[in-house]
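Have the 3D view open as you read.

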Amino acid sequence: YVRPSYSFDGYIGKQPKKTGGKAFPDQAGRYQLYVGTACPWCHRCELVRSVRGLDRYLAVTRVLDRPEEASRGGWVFTPTDPDPLKGARDLRELYDALVPGGYRGRCTAPLLADKAGQAIVS
């Protein structure tokens, strides 16, 4: 499996990234990480968050892979872990809310969102 590329290539910090992308401020509590329970890329993000001690700086919301309940894709929020940013039912609703004019691509996890700027970082 080769993960497709996406237009969200932002980064947190002041150092310019070689590939470009938008810089987002380095502020504790500003970002929300959305991870899927059945995704190896999401598992990697959670491991890095834990090992690097970022859990106090980076909030996390877990989504479940339930394509029969999702409007597109498969990731849905649960009553025990709702979307704190927009109150979305599933990841597609969140992508649409954070992208001006709505989002037309695949709605995948992991997703890093800027709570203050109401935007997708990566």
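This is a predicted model: local features need pLDDT of at least 70, side-chain atom pairs count only at pLDDT 80 or more; totals for chains, interfaces and linings use all residues.

Contact here means heavy atoms within 4.5 Å.

Which residues of H2 are buried? Helix H2 spans residues 91-98, and Leu91, Arg92, Leu94, Tyr95 and Leu98 are its buried ones. Looking down the axis of H2, you will find these buried residues within an arc of 160°, so they line one face of the helix. An α-helix has 3.6 residues a turn, so residues three or four places apart point the same way. At the start of H2, the backbone nitrogen of Arg92 has a side-chain oxygen of Asp90 within 3.2 Å.

Now to the core. The largest nonpolar core holds 29 residues, and those touching the most other members are Tyr34, Phe77, Leu91, Leu94, Tyr95, Leu111 and Ile120. At least two residues of this core come from each of S3, strand S4 (58-65), H2, S6 and S7. Leaving aside residues up to four places away in sequence, Leu94 touches Tyr34, Phe77, Asp83, Leu85, Lys86, Ala88 and Leu111.

Finally, the largest pocket has a volume of about 470 Å³. It is lined by 19 residues, of which Ile12, Tyr31, Leu54, Leu58 and Leu112 are the closest to its centre. Strand S1 (11-12), S3, helix H1 (40-51) and S6 each give at least two residues to this lining, and H1 provides the largest share, three residues.

Terms used
Residues are numbered from 1 along each chain as its sequence is written. Side-chain values use heavy atoms; hydrogens and water are left out. Buried means under 20% relative accessible area, exposed over 50%, partly exposed in between (1.4 Å probe, protein chains only). Helices (H or I, at least four residues) and strands (E, at least two) are DSSP runs, numbered from the N terminus. The arc is that of the directions from the helix axis to the C-beta atoms. A polar contact is a pair of N or O atoms within 3.5 Å; within protein, one must be able to donate a hydrogen and the other to accept it, and residues adjacent in sequence count only if both atoms are side-chain atoms. A nonpolar core is a set of buried Ala, Val, Leu, Ile, Met, Phe, Trp, Tyr and Cys residues joined through side-chain atoms within 4.5 Å. On a 1 Å grid over the protein atoms alone, a cavity is a set of points where a 1.4 Å probe fits but cannot get out, and a pocket is an open set with protein on both sides within 12 Å along at least five of seven lines; lining residues have an atom within 4 Å of a point. Grid points are joined across faces, edges and corners, and a volume is the space filled by probe spheres set on the points.
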